[in-house]
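Here is a short briefing on one protein chain. Have the sequence and the model open side by side as you read.

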Amino acid sequence: MAQTWDPDSYAQSGAFVHGLAGGVMEWLNPQPSERILDLGCGDGQLTLRLAATGAKVTGVDASPEMVAAARARGADAVQGNAESLPFADYTFNAVFSNAVLHWVRDHDAMMNEVRRVLKPGGRFVAEFGGHGNIAAIRVALMAVLERHNFAGKEDG
């Protein structure tokens with residue numbers, strides 16, 4: 001099933017994603033003049049924040065609409081998917097990805113591509129949803145549902 005993304009809808013409902021990326025950007029610790037790939041760049045908000053550090057940042061996203069939105073913001077962005085990156089071997093000092101990898105279908109292929117495009121000694125810094133990430137939210141939600149007699153119901 002193909003994913004479709006609407007930059008306007010994303011700006012309204014997903015803006016919090018790039019707003020919460022400070023920690024993962026700190027882990028990346030971008031340096032001036034190094035080449036960084038923003039894997040799953042979306043609308044380019046984080047691509048531009050990374051570029052503001054002086055790094056040469058290229059975004060890549062599978063969605064042509066999101067790539068167009070990133071370019072409209074002034075980001076260097078190309079269309080491509082994580083399982084088959086459109087870059088030469090050993091191009092980047094770092095690959096950065098925020099809130100994207102849970103959308104990738106073939107993680108083995110993606111990791112092979114990340115390894116291929118990284119320069120020797122390069123780094124891969126990523127954050128994405130995973131099992132247990134929202135455990136506290138889930139517990140709180142279940143408690144509220146139980147208080148309102150919805151606990152354990154299969155349908156609405």
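Which backbone nitrogen lies 2.7 Å from a polar atom of the side chain of Asp61? The backbone nitrogen of Gly42 does. Keep in mind that this is a predicted model. The points below start with the chain as a whole and then return to Asp61.

**Overall fold**

- The protein chain has 7 helices and 5 strands.
- Along the sequence, these elements follow the pattern α-α-α-β-α-β-α-β-β-α-β-α.
- The protein chain has 156 residues, and buried residues make up 37% of them.
- Take the contacts in the protein chain with a separation of 6 or more: 62% of them come from residues 24 or more positions apart.

**Nonpolar cores**

- In soluble globular proteins, nonpolar side chains tend to be buried together.
- Here the largest nonpolar core has 14 residues.
- Leu37, Leu39, Leu85, Phe87, Val95, Met110 and Val117 have the most contacts inside this core.
- At least two residues of the core come from each of strand 1 (35-39), strand 4 (92-98) and helix 6 (107-117).
- Helix 6 gives the most, with 3 residues.
- Leu85 belongs to the largest core. Beyond its neighbours within four places in sequence, Leu85 is in contact with Leu37, Leu39, Val60 and Val114, as well as Glu113, Arg116 and Val117.

**Aromatic pair**

- A search of the whole structure turns up 1 aromatic pair.
- Phe87 and Phe92 form this pair, and the geometry is edge-to-face.

- Asp61 is found in strand 2, which covers residues 56-61.
- Asp61 is buried but has no salt bridge.
- Arg71 is the nearest side chain of opposite charge, and it is 11 Å away. Asp61 and Arg71 form no salt bridge because a salt bridge needs a side-chain nitrogen within 4 Å of a carboxyl oxygen.
- A polar atom of the Asp61 side chain lies 2.7 Å from the backbone nitrogen of Gly42.
- Leaving out residues up to four places away in sequence, Asp61 touches Gly40, Cys41 and Gly42, then Met66 and Val67, and also Val78, Gln79 and Gly80.

**Ser63 in its loop**

- Ser63 sits in the loop between strand 2 and helix 5 (64-73).
- Ser63 is buried, with a relative accessible area of 5%.
- The side chains of Ser63 and Glu65 make a polar contact at 3.2 Å.

- Asn29 is a residue other than glycine with a positive phi, near 50°.
- Asn29 lies in the loop between helix 3 (22-28) and strand 1.
- With a relative accessible area of 46%, Asn29 is partly exposed.
- Tyr90 is not a glycine either, yet its phi is positive, about 55°.
- Tyr90 lies in the loop between strand 3 (77-79) and strand 4.
- Tyr90 counts as exposed because its relative accessible area is 52%, and the cut-off for exposed is over 50%.

Definitions and conventions. Residues are numbered from 1 along each chain as its sequence is written. This is a predicted model: local features need pLDDT of at least 70, side-chain atom pairs count only at pLDDT 80 or more; totals for chains, interfaces and linings use all residues. Side-chain values use heavy atoms; hydrogens and water are left out. Rings of Phe, Tyr and Trp (its six-membered ring) pair if their centres lie within 6.5 Å; planes under 30 degrees apart count as stacked, over 60 as edge-to-face and the rest as tilted. A nonpolar core is a set of buried Ala, Val, Leu, Ile, Met, Phe, Trp, Tyr and Cys residues joined through side-chain atoms within 4.5 Å. Buried means under 20% relative accessible area, exposed over 50%, partly exposed in between (1.4 Å probe, protein chains only). Helices (H or I, at least four residues) and strands (E, at least two) are DSSP runs, numbered from the N terminus. Contact means heavy atoms within 4.5 Å. Lys and Arg count as positive and Asp and Glu as negative; His and the chain ends are not counted. A polar contact is a pair of N or O atoms within 3.5 Å; within protein, one must be able to donate a hydrogen and the other to accept it, and residues adjacent in sequence count only if both atoms are side-chain atoms.
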